[in-house]
Amino acid sequence: MKIKESVFCDTSFFIRLLDKTDPLHANARGYFRYFTENGYPLMISTIAIAEYCVRGKITDLPLRNLQILPFNLDHALRTSEFARVIFENKSALDLKQRKIIPNDTKLFAQADTEKSVLHYLSSDTESSKIYNLLRKESDPKFEFINLNTPYHQQFGILDL
């Protein structure tokens with residue numbers, strides 16, 4: 001049986017999706033509509049839920065459209081591999097807002113460990129720097145999709 005391809009959504013995606021005044025709201029809404037209408041399961045980590053709930057409420061999240069993914073032992077082991085790569089190469093990173101981002105590393109490890117995840121959806125440019133380093137050194141199996149690129153451009157679809 002073939003595993004259904006899924007999309008891992010980070011905290012920044014939900015912040016943009018749920019804030020109609022955010023400059024990336026239309027892009028987030030477009031991705032959400034595209035993936036749900038085309039049958040892609042959307043995954044959210046319990047880590048992303050914790051981050052979102054610092055300022056938002058869990059009832060704001062579109063939970064009926066999401067698969068909740070708890071952080072487990074396999075995720076922890078992959079996180080340690082990713083963290084090692086990041087710490088060994090942190091001088092190559094030009095992170096402006098933060099130093100090494102532990103939660104991003106955990107979320108990347110979850111996405112990479114889950115067999116169905118092919119896309120990681122985020123608007124976090126600092127996080128994308130970490131992903132680019134991991135691609136060079138560790139080759140995660142998922143594609144980082146930046147919300148700054150509208151879904152129709154990402155997938156070569158005419159937006160009607």
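Start by selecting Asp 112 and everything it touches: beyond residues up to four places away in sequence, that gives Arg 78, Phe 82, Pro 140, Lys 141 and Phe 142, where contact means heavy atoms within 4.5 Å. This is a predicted model, so local features need pLDDT of at least 70 and side-chain atom pairs count only at pLDDT 80 or more, while totals for chains, interfaces and linings use all residues. Residues are numbered from 1 along each chain as its sequence is written, and side-chain values use heavy atoms, with hydrogens and water left out.

Asp 112 sits in helix 5 (residues 102–113); helices (H or I, at least four residues) and strands (E, at least two) are DSSP runs, numbered from the N terminus. Asp 112 counts as buried because its relative accessibility is 10%; buried means under 20% relative accessible area, exposed over 50%, partly exposed in between (1.4 Å probe, protein chains only). Draw a distance from its side chain to that of Arg 78 and you'll get a polar contact at 2.7 Å. A polar contact is a pair of N or O atoms within 3.5 Å; within protein, one must be able to donate a hydrogen and the other to accept it, and residues adjacent in sequence count only if both atoms are side-chain atoms.

Now hop to Asp 139, in the loop between helix 6 (125–137) and strand 5. Asp 139 has a phi near 55°, a positive value in a residue other than glycine. Is Asp 139 buried or exposed? At 54% relative accessibility, Asp 139 counts as exposed.

Next, pick His 119 in strand 4. His 119 is buried, with a relative accessible area of 10%, and its side chain makes a polar contact with the side chain of Glu 143 at 3.3 Å. Leaving aside neighbours within four places in sequence, the contacts of His 119 include Phe 35, Phe 142 and Phe 155.

Time for the greasy part. A nonpolar core here is a set of buried Ala, Val, Leu, Ile, Met, Phe, Trp, Tyr and Cys residues joined through side-chain atoms within 4.5 Å. The largest one has 23 residues, and those with the most contacts inside it are Phe 13, Phe 14, Tyr 31, Phe 35 and Leu 121. Helix 2 gives the largest share of this core, five residues. Select Leu 121 and, outside its four-place sequence neighbourhood, you'll find Phe 13, Tyr 31 and Phe 35 among the residues it touches.

Colour helix 2 next. Its 13 residues reach 18 Å from first C-alpha to last, close to the 18 Å expected (1.5 Å times one less than the number of residues). Just after helix 2, look for Gly 39, with a positive phi of about 75°.

Finish at strand 2. Leu 42 and Ile 44 point one way, Met 43 and Ser 45 the other, and all are buried. Strand 2 runs parallel to strand 1, joined by three bridges (two strands pair if DSSP finds at least two bridges between them). Ile 44 is the bridge partner of Cys 9. Strand 2 also pairs in the parallel sense with strand 3 (residues 66–69), over four bridges, and Met 43 stands opposite Gln 67 there. Trace the chain from strand 2 through helix 3 to strand 3: this β-α-β crossover is right-handed, meaning that, with the strands pointing away from the viewer, the path from the first strand over the helix to the second runs clockwise.
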